[in-house]
Structures are given as structure tokens and as C-alpha cells.
Amino acid sequence: MKALGDLVHWLTDPANWQGSHGIPVRLLEHIELSAISVIVALLIALPIALYLGHTGRWGFIAINVANVGRALPSLALLAFGLVIAISLGLGLGFWPTVFMLVPLAIPPIVTNAYVAIREVDRDIVDAARGMGLSEGQILRSIELPLGLPIILSGIRTAAVNVVATATLGALVAGGALGRFIVDGLALQEYDQLMAGALLVALLAVATEVSFAALERATVPAGMRVVR
Amino acid sequence: MKRGRTLFAALVAIAVVASACGGAGSGGSTGGAAATASPVTRPDVIVGSTNFYEQITLGELYSQILEANGYKVTRRFNLGNREIVEPALESGQIDLDAEYLATLLAFLDKDGKIAKPTTDPKETQTGLQKVLDPKALTVLDYAQATDQNGFVVTKDTATSKNLKKLSDLVPVAPTMVLGGPPECPTRPFCALGLKNVYGITFKDFKPLDSGGPLTITALEGKQIDVGLLFTSDPSIVAKNFVLLDDDKHLQLADNIAPVVRNALLQKDDGTLKRLLNSISAKLSQAELNDMNKQVAVDKADSKVVAAAWLKKQGLIK
């Protein structure tokens, strides 16, 4: 109970809501870091997955390569990212963390987008082709809208993973909410540590909920389940 | 076996001649002096060390100067941390090792009942000796060199802002970022001490690591202006950092000094003490850091580095 009191006290202390080390700044850093990592992952993963899904070729390889990506430990990727960032002169903190998060975000995006496009009813695609739509048009106006909810659910999984894992960035002198956890441990200030963990968890849940709402909103009108 | 060794040592001693007569006046030049009649028995010495490069180099310095003066030295280096080496010294498994005044005092007298380490090396040494007395150990002269918290800046920063000592930071610190371990802002030997003792307040603090690769990289990449490293960190020499002098004595006196068993000193004629003190007299921070850099960064053999240094200082031939 005392721990809970300490936690509430830490979270309500105005000093922790101010300055370059305060909660708002750390929260924004966390969102920025996560958003950029997911966007970079999307730029890499989506074109590949959509192409493979549309042509139906190499799918086995794409999914397996992406799954190997899942098996890489984030801590190892972080160390790797740190070495790359330093050799490129990008410094500590932000970029090493992005280098860790991008490979983490790619697998769920690739897998879901590939499956989303593959699972679109072949009859519809054939009909579209019969009506004279080009391959690009088929992808844009048939496969993509129909597959969008599944594609988005892949992005949601990636985003939630990224938000939770961005915490590790504090180990390489990054900002973000992980700072509270790493510093709390170093200082043996467990209220700070718990507050950091709680804030990360809340942000992950908020990410999950917003993407779920987005998914619902993007289901084509004709496919919606009427309640 | 034991007798044989003593005999051998005596023979060696007769052959090379002792410093008791030869070197009493002119320190150091004892090696190959002409034989005199008086045979001196040199006790066998076991030199120990803990498990990092600086300790092994110091162990080599002590061993080689003794060997050059006719002692038979056994090296027991890399034994482990202080928790292992200190009891080994007390129990006679080793005869001497290199220690750090304030850290050893705090280690042996945890609650500070007998003496507490201070920022003054002389005072800390006196306090340490009080704690060592019941253990039949003696701390010899300390060196200027330390291994303690130090604040460093890059060569560029030092030149452009004209920084040599910590007090020089007072006017410029409000535009600078300090980097160090996350606990630094609340620790009396880190940012808190800089504020209380020097009146230095930085623009911001960046949490990094305890004198590790993050701090060094951040300094090089100019993500921080001032970094906390250990004063004998080899990267200070390797990366051309400038260690700011602790001119108001914020840090506890962790000067390097040999600690020797009284039993060994009693068997000796005072030469051993004089030889080890002659090392401490010459061991400045810059000299130690240079040796640390050669061993830790350039991967030179600590034996070779120690021998070269002793020769350069004129302590051995």
C-alpha cells in the first residue's frame, strides 16, 4: 500500500511534470520515437508485402524472413544499432533506438499485409481483371480497401510492440519514458521506476485502443457487421 | 625449500650488494655497484593485485624495482576484487599490493568508527594507518596519482573556454551539459558536490553510464560538454580529453599507495620501503594515465610498460 502511495505521490508531484526531464517531454519523446520507427518500418515493409501479396509469389520466403526478424532479441539489436549509429556519426539515444525498433516492427506488418491481400476473394479480383482494370488499379481499389482492416491490425501489433520496447532506448542514453525506469533503478527510486512502467503500459494500451478504433472505421461500409 | 631460497637470496644479495650501505645516500643507483663485505639478506616478496589492468601495471612496477635490487619476487596478480585480495594480504598469502587510500579505509572501517576518509590524502593516510595497525599492515607513501571521480572535457572545449580546473567551470557551466551516471545529480561526489562545493550549475544533465563507453561517446559527439570519468581512465589520454583539476578537493583522497605486511618490513633493512616510496614519489596522474592507455588501449604488455617507465624515471637501469 505504501508503494502505491509513493507512486501516486510521484505522479502528482508538479516537479515531475516540468522541464526537459518531466513527464510531458518524455511522453512526447516516446511518441516521436515510436511513430518514426513505425513509419520507417511501414515504408520498408508495406511495398514489399503488397507486391508479394498481389502477385502471390515468394510469399513463403517473405513470411519466413519476417518471422526470423521476430526471433532477434531487442537488446542485441540495440547493441547493433548503437554500433551502426556511432559509426554513422548519428550519436547516442534516438537513432540507435530507431535501428532497434524498425526490425521489430517489420514482421507483423509484412505478415499481415501479405495475408490481407492474399485473402481477398479471388473471384472479385478476377472479375475486376475481366472488367479491364490494370494490376495497379486492382491493388489500389480492390485489394487494398478490402484488406485494410487486416493490414491495420498488423500495424497495430507493430505499434504496440514498438511503444513497449522503446523503453530500452534509455539504456543507450535515449530519452522517452524508459528514462524513468532506468534512472529509477539506478537511483533506487522505485516510485519513479513504477511510474515509468505504468506510463509505458498506459501508452501501449492507448495505442492499442486507437488502432482498434481506426480498424473499425476503415472497414468498408458493405462489410460491416450490423449489431 | 624455504631454507634453500633464503640461501639463494643471500648469495644474490652478496653478489649485487645492498642498498643499505650503497644506496642510502644516493637513492636508486644500487644495481651493479661493487661488492662490499657486508652480506644483506633480502626477504622473499609476494606481490599481489586485484583484477584490472591498472592494478597489474602497479604490481609490475613494485615487482620489477624489487627484482632489480636483489629481491626474489613472486607475482600473484589478478586475484579478484578487494574482497579477496585484502584478506589475502592480512593472512600473508601476499606480502604487498597497491591500494587506494580512501576506498581501502572505507572498506576496512565501514561505519567510520576509527577514521573516515576525507578529501585530504595525508589525513586519510593517517586514518588508514590507524585501521591497519591491528592488522599488522603498513601503508607507505602515497602517489599523486588517483583513481577516483574526475570531470573531463574535450581538448576543444578546454581551449575555447580556457578550462584547467573545476573552478574555471563556474562562469561557463550554465551553458553546458553535464553527462554521467543517472544517480549523479543526487550524489555528493558528482553534480550535487559540484554545486555545493564549487557553486557550479549546469544547463542540463544527461544520464549516461558510470565512466563507460556512453559517456566517452557522448563527449566525443558533443552531446555533452563535461563528462564524469575515473581519473585514471585510459580514454583520457587516448581521446585527448582534459581532466579538470579538483582544486577545491571535492573528491575523497583515493591516492595510490602500497600496503605492506609489517612482517615483511621487519625482515627487511628499510630498502624495500625506500624503493616503493621512490615509485610513489614519481607516479603522477599523467604518468599513470599514460601507462593505463598503453596497456588498455594500445594492448601493450604491462611488464614492458612498467619496465620502460621505471627506466625513464631512473629508478632501474
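**Close-up views of a predicted two-chain model**

**View 1. Two domains of chain B and the contact between them.** The domain assignment of chain B gives domain 1 (2-146 + 256-312) and domain 2 (149-243), the bounds being taken from an automatic or database domain assignment. The contact between them takes 11 residues from domain 1 of chain B and 6 residues from domain 2 of chain B, where two residues are in contact if their C-beta atoms, placed from the backbone, lie within 7 Å. On the side of domain 1 of chain B that touches domain 2 of chain B, the largest share, 7 residues, comes from helix α14 (residues 285-296) of chain B. By class, that side of domain 1 of chain B has 4 nonpolar, 4 polar and 3 charged residues; Ala, Val, Leu, Ile, Met, Phe, Trp, Tyr, Cys and Pro count as nonpolar, Asp, Glu, Lys and Arg as charged, and the others, Gly among them, as polar. Helices (H or I, at least four residues) and strands (E, at least two) are DSSP runs, numbered from the N terminus.

The model in these views is predicted, and local features need pLDDT of at least 70, side-chain atom pairs count only at pLDDT 80 or more, while totals for chains, interfaces and linings use all residues. Residues are numbered from 1 along each chain as its sequence is written, and chains are lettered from A and ligands numbered from 1 in the order in which they are written.

**View 2. Where chain B meets chain A.** In this interface, 13 residues of chain B are in contact with 11 residues of chain A. The elements β7 (204-207) and α10 (213-220) of chain B each supply at least two residues of the side of chain B that touches chain A. Sorted by class, this side of chain B has 6 nonpolar, 4 polar and 3 charged residues.

View 3. Chain A has 9 helices and 0 strands, and its C-alpha trace spans about 65 × 50 × 25 Å along its principal axes. Of the 227 residues of chain A, 40% count as buried; a residue is buried if 20 or more other C-beta atoms lie within 10 Å of its own, exposed if 12 or fewer, and partly exposed in between, with C-beta atoms placed from the backbone. Among the contacts in chain A with a separation of 6 or more, 74% are accounted for by residues 24 or more positions apart. A nonpolar core is a set of buried Ala, Val, Leu, Ile, Met, Phe, Trp, Tyr and Cys residues joined through C-beta atoms within 7 Å. The largest such core has 87 residues, and those with the most contacts inside it are A41(A), A49(A), A105(A), I109(A), V110(A), A113(A) and V162(A). Helix α5 (residues 94-118) of chain A gives the largest share of this core, 16 residues. Leaving out residues up to four places away in sequence, A49(A) touches A62(A), I109(A), V110(A), A113(A) and Y114(A). A second, separate core of 55 residues includes L58(B), I65(B), L89(B) and L96(B).

**View 4. Helix α6 of chain B.** At 1.5 Å a residue, the 12 residues of helix α6 (residues 121-132) of chain B should span 16 Å, and its end C-alpha atoms are 16 Å apart, which agrees; the expected span is 1.5 Å times one less than the number of residues. The buried residues in α6(B) are P121(B), T124(B), Q125(B), G127(B), L128(B), V131(B) and L132(B). Seen down the axis of α6(B), these buried residues fall within an arc of 165°, so they line one face of the helix, the arc being that of the directions from the helix axis to the C-beta atoms. K122(B) and K130(B), on the other side of α6(B), are exposed. The cover over the buried residues of α6(B) includes α5 (101-108), β4 (137-139) and β10 (256-261) of chain B.

**View 5. Helix α15 of chain B.** In helix α15 (residues 302-312) of chain B, the buried residues are S302(B), V305(B), A306(B), W309(B) and L310(B). These residues cover an arc of only 130° around the axis, which puts them on the same side of α15(B), and they pack against α3 (53-68) and α14 of chain B. The face of α15(B) turned away from its buried side carries the exposed residues V304(B) and K312(B).

**View 6. Two loop residues with positive phi.** In the loop between α8 (178-187) and α9 (190-218) of chain A lies Q188(A), a residue other than glycine whose phi is positive, near 55°. Q188(A) is exposed, with 9 other C-beta atoms within 10 Å. A136(B), placed in the loop between α6 and β4 of chain B, is partly exposed, with 13 other C-beta atoms within 10 Å, and its phi is near 55°, a positive value in a residue other than glycine.
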